[in-house]
Amino acid sequence: MKNELLLLKVCNNYIMDKSDSLNQFDEEFVCYFYRSFNKETLPKEKKLMTDTNIIEVTYSGEESVACEICFSLNTHRFDIRPGLSYFICRSCNHSSIISKSQIEDLFRSSQDKYFGENSSINLGVEGFLEKQGTNQRQAIFQKFFNRQLKVLEVGPGAGSFLRWICSKGHHVTAIEDSVYLAKELSSVLGCEIIVGEFEHCSLPENSFDLFCSFHVIEHVLDPRAHLELALRYVKPGGLAFIATPNANSWEQRLFPRLSPNFDSAHLRVFSQKSLRILAQDVGWFVLYEKTPEYSSAWLRVFSKVLRKFRGEDEEATAGKYQINQSFSRKMILGLINLFSFPLRFLQCLFKGGNEVFIVLRREV
Ligand SMILES: [Zn+2]
């Protein structure tokens with residue numbers, strides 16, 4: 001690349017002025033620069049990126065951003081709809097939302113929308129679709145454990161997995177940021193629920209056998225801190241189960257603009273590769289990986305088509321097409337579930353399911 005670097009800006013409000021501009025740069029240099037900017041002592045490898053996420057480089061009127069996970073500058077901008085764009089890394093396929101300074105606002109508004117008092121999450125009844133995810137998690141749990149555990153779950157949502165794990169007599173601690181959900185969950189399940197953000201909680205270190213974070217890491221402000229803290233709380237030899245949408249899913253590859261993964265609540269979309277890189281960088285050992293596919297992912301693609309067809313705003317109609325519990329809806333779902341089985345099986349087999357599920361181990 002022989003572009004003139006005019007401005008190098010790091011997302012966490014650090015801005016260099018033009019006097020620091022460079023005539024030429026390459027990816028290695030930017031990584032080097034980035035590290036030296038953030039750390040007094042230079043780390044040996046790229047992996048020691050710390051508390052900031054994205055490097056934005058503006059040169060010759062164009063814009064390029066280093067991948068927040070693998071640091072590659074080989075990224076491109078992808079516009080989903082007005083107000084929602086991502087930078088996608090061609091090297092690891094990780095996507096980061098483009099939001100100049102409003103990442104925190106986006107995080108807050110999505111928390112309120114999905115988990116606030118008017119949330120459509122139903123804690124009383126576990127629907128057909130949630131069951132698929134819970135069954136998958138139970139199966140993976142039983143693959144690795146057959147004893148009583150101390151479990152920490154962050155962001156339990158409607159509490160499907162939490163309910164199951166509590167019912168098995170494990171000692172469970174859950175952390176839920178939404179006051180509304182935490183209250184509901186503790187009254188329904190009777191387990192220990194800490195209200196607050198995981199990153200700001202203080203828990204005893206080296207004390208859990210298992211850390212669970214299902215569809216949380218794509219929402220948090222700092223995914224690296226999320227995995228670092230988890231590593232600290234888990235005992236040596238303990239495991240972490242992390243699930244998140246898959247950037248390499250068939251939904252996203254075939255219909256990127258309709259992908260359920262690109263959502264203003266998702267500050268990033270991991271690929272299997274980018275999640276693995278981040279976990280290993282933090283110090284986890286990757287024990288097991290899978291890309292499950294659930295019927296809900298294609299249903300969400302269809303709901304996006306329906307919204308476009310009806311001219312509805314995605315933000316304003318979030319949750320509108322959530323499947324309710326009526327008999328006819330259950331019948332339709334049952335049929336979709338049955339006929340989509342071969343496709344889902346193939347997606348899972350060829351690493352194209354819409355979820356990345358990774359099992360990590362803290363080395364002894
Ligand atoms: Zn990357």
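What follows is a conversation about strands, helices and a few single residues.

Q: Where do I start: how many helices and strands does the chain have?
A: Before counting, keep in mind that this is a predicted model. The chain has 11 helices and 15 strands. Of its 364 residues, 38% are buried. Now take the contacts between residues at least 6 apart in sequence: 67% of them join residues at least 24 apart.

Q: Can we zoom in on one pair? How many bridges join β9 to β10?
A: There are 4 bridges, and the two strands run parallel. Within this pair, Ile-175 of the chain stands opposite Ile-194 in β10.

Q: And which strands make up the open sheet of 4 strands?
A: Its order is β5-β6-β7-β13, with antiparallel pairing. At the edges sit β5 and β13, each pairing on one side only. Between β7 (residues 95–97) and β13 there are 2 bridges, again antiparallel. Ser-95 stands opposite Val-269 in β13.

Q: What do β5 and β6 form?
A: A hairpin, with 2 residues between the strands. Strand β5 (residues 75–81) is joined to strand β6 (residues 84–89) by 6 bridges, and the two run antiparallel. Have a look at Arg-81, whose bridge partner in β6 is Leu-84. In the turn, Gly-83 has a positive phi of about 90°.

Q: How should I picture side chains on a strand?
A: In a regular strand, side chains alternate between the two faces of the sheet.

Q: At what angle do α6 and α8 pack?
A: At about 50°, with their axes 9 Å apart. The crossing of α6 past α8 is right-handed.

Q: Which residues of α6 and α8 meet?
A: From α6 come Pro-223, Arg-224, Leu-227, Glu-228 and Leu-231, and from α8 come Leu-278, Ala-279 and Val-282. Sorted by class, this contact has 6 nonpolar residues, no polar ones and 2 charged ones.

Q: Which residues of α6 are buried?
A: Pro-223, Arg-224, His-226, Leu-227, Leu-229, Ala-230 and Tyr-233. These buried residues pack against β8, β11, β12, β13 (268–269) and α8.

Q: What about α8: which of its residues are buried?
A: They are Gln-272, Ser-274, Leu-275, Ile-277, Leu-278 and Ala-279. What covers them includes α6, β12, β14 and β15. Just after the helix, Gly-283 takes a positive phi of about 120°.

Q: Let's finish with single residues. Is Lys-304 buried or exposed?
A: To decide, you count the other C-beta atoms within 10 Å, and 20 or more makes a residue buried. Lys-304 has 21, so it is buried. Lys-304 is found in helix α9 (residues 295–310). From Lys-304 to Arg-257 it is 47 residues in sequence but 9.2 Å in space, C-alpha to C-alpha.

Q: And where does Lys-168 lie?
A: Lys-168 is in the loop between α4 (160–167) and β9 (171–176). A residue counts as exposed with 12 or fewer such neighbours and as buried with 20 or more. Lys-168 has 14 other C-beta atoms within 10 Å, so it is partly exposed. Along the chain Lys-168 and Leu-149 are 19 residues apart, and their C-alpha atoms are separated by 9.9 Å.

Terms used:
Residues are numbered from 1 along each chain as its sequence is written. This is a predicted model: local features need pLDDT of at least 70, side-chain atom pairs count only at pLDDT 80 or more; totals for chains, interfaces and linings use all residues. Two strands pair if DSSP finds at least two bridges between them. Axes are lines fitted to C-alpha atoms, for helices over the stretch in contact, and angles run from 0 to 180 degrees between N-to-C directions. A crossing is left-handed if the near helix is turned anticlockwise from the far one by less than a right angle, and right-handed if clockwise. Two residues are in contact if their C-beta atoms, placed from the backbone, lie within 7 Å. Ala, Val, Leu, Ile, Met, Phe, Trp, Tyr, Cys and Pro count as nonpolar, Asp, Glu, Lys and Arg as charged, and the others, Gly among them, as polar.
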